[in-house]
Amino acid sequence: VCDEATSALDVSVQESVIELLVRLQKEKNQHAFICHDLALIRSFAHQIAVMYLGNIVEVIPGEDVTEYAVHPYTQHSGAQFSIHMDPSQKIQSIESEAPSPLDVPKGCPFQNRCENCTDRCKAEMPKLKEIAPGHAVACFYVEEQKI
């Protein structure tokens, strides 16, 4: 398990570490990489689990995260940046502050930052449900939209 193994490294050193991890992944057949940089992770991960306040909100194949992410947190995550993005495109931030991890609200942990929040979201925790092979999401809005 690698927890933020590249977060304080120069980009060239990051590349060397990622190459080593990819080689180890091929040799040992698995490893877990925890990181806030979704752009970095999607470059080599087979499967990505996106977490918010300790809850998995979306599980998606690595190559699909930019185009097919459906959970509001994954879609609006600042980690969705890319070196290929249009510099004239406005970067949208998530409104409001995250709740304290010591006092997570009942229901969906993302509720106070989600534009699609309903009374159900405030009362009930959404369960992770598969919406496509290898792609699962915990979101009532997505479930209702049949995405």
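R120 is partly exposed, with a relative accessible area of 33%. Here buried means under 20% relative accessible area, exposed over 50%, and partly exposed in between, computed with a 1.4 Å probe on protein chains only. The structure is a predicted model, in which local features need pLDDT of at least 70 and side-chain atom pairs count only at pLDDT 80 or more, while totals for chains, interfaces and linings use all residues. Residues are numbered from 1 along each chain as its sequence is written, and side-chain values use heavy atoms, with hydrogens and water left out.

R120 also takes part in a charged pair: its side chain meets that of E124 in a salt bridge, with 3.5 Å from N to O. A salt bridge is defined as a side-chain nitrogen of Lys or Arg within 4 Å of a carboxyl oxygen of Asp or Glu. Side chains of opposite charge can pair when their charged atoms come close.

Another salt bridge joins E27 and R23, whose closest N and O atoms are 3.4 Å apart. These residues are separated by about one helical turn, because they lie 4 residues apart in helix α1. Helices (H or I, at least four residues) and strands (E, at least two) are DSSP runs, numbered from the N terminus. E27 is exposed at 51% relative accessibility, whereas R23 is partly exposed at 47%.

K129 forms a salt bridge with E143, and here the closest N and O atoms are 3.3 Å apart. This pair links distant parts of the chain, since K129 belongs to strand β5 and E143 to helix α6 (residues 140-145), 14 residues apart. K129 is partly exposed at 41% relative accessibility, and E143 is partly exposed at 30%.

An open sheet of 4 strands has the order β3-β4-β6-β5, with antiparallel pairing. Its edge strands, each pairing on one side only, are β3 (47-52) and β5 (129-132). From one strand to the next, the twist averages 30 degrees; axes are lines fitted to C-alpha atoms, for helices over the stretch in contact, and angles run from 0 to 180 degrees between N-to-C directions. Two strands are said to pair if DSSP finds at least two bridges between them. Strands of a sheet pair through backbone hydrogen bonds, either parallel or antiparallel.

Strands β5 and β6 pair in the antiparallel sense over 3 bridges, and K129 stands opposite V137 in β6. The two strands form a hairpin with 2 residues between them, and G134 in the turn has a positive phi of about 80 degrees. Strand β4 (residues 55-61) is joined to strand β6 (residues 135-137) by 2 bridges, and the two run antiparallel. The bridge partner of V59 in β6 is A136.

Most residues other than glycine have a negative phi, and most peptide bonds are trans. L53, in the loop between β3 and β4, has a positive phi of about 50 degrees although it is not a glycine. With 25% relative accessibility, L53 is partly exposed. E4 likewise is not a glycine but has a positive phi, of about 55 degrees; E4 is found in the loop between β1 (2-3) and α1 (11-28).

The aromatic residues come next. The structure holds 4 aromatic pairs, where rings of Phe, Tyr and Trp (its six-membered ring) pair if their centres lie within 6.5 Å, and planes under 30 degrees apart count as stacked, over 60 as edge-to-face and the rest as tilted. The ring centres of F33 and F44 lie 5.2 Å apart with planes at 80 degrees, so this pair is edge-to-face. Because F33 lies in strand β2 (residues 33-34) and F44 in the loop between α2 (38-42) and β3, the pair ties together parts that are 11 residues apart in sequence. F33 is buried at 15% relative accessible area, and F44 is buried at 11%. Y52, Y73 and F110 form one aromatic cluster.

Finally, Q111 lies in the loop between α4 and α5 and is buried, with a relative accessible area of 13%. Leaving out residues up to four places away in sequence, Q111 touches P105, K106, C117, C121 and K122, where contact means heavy atoms within 4.5 Å. N116 lies in the loop between α4 (72-76) and α5 (119-123). Apart from neighbours within four places in sequence, N116 is in contact with P72 and Y141.
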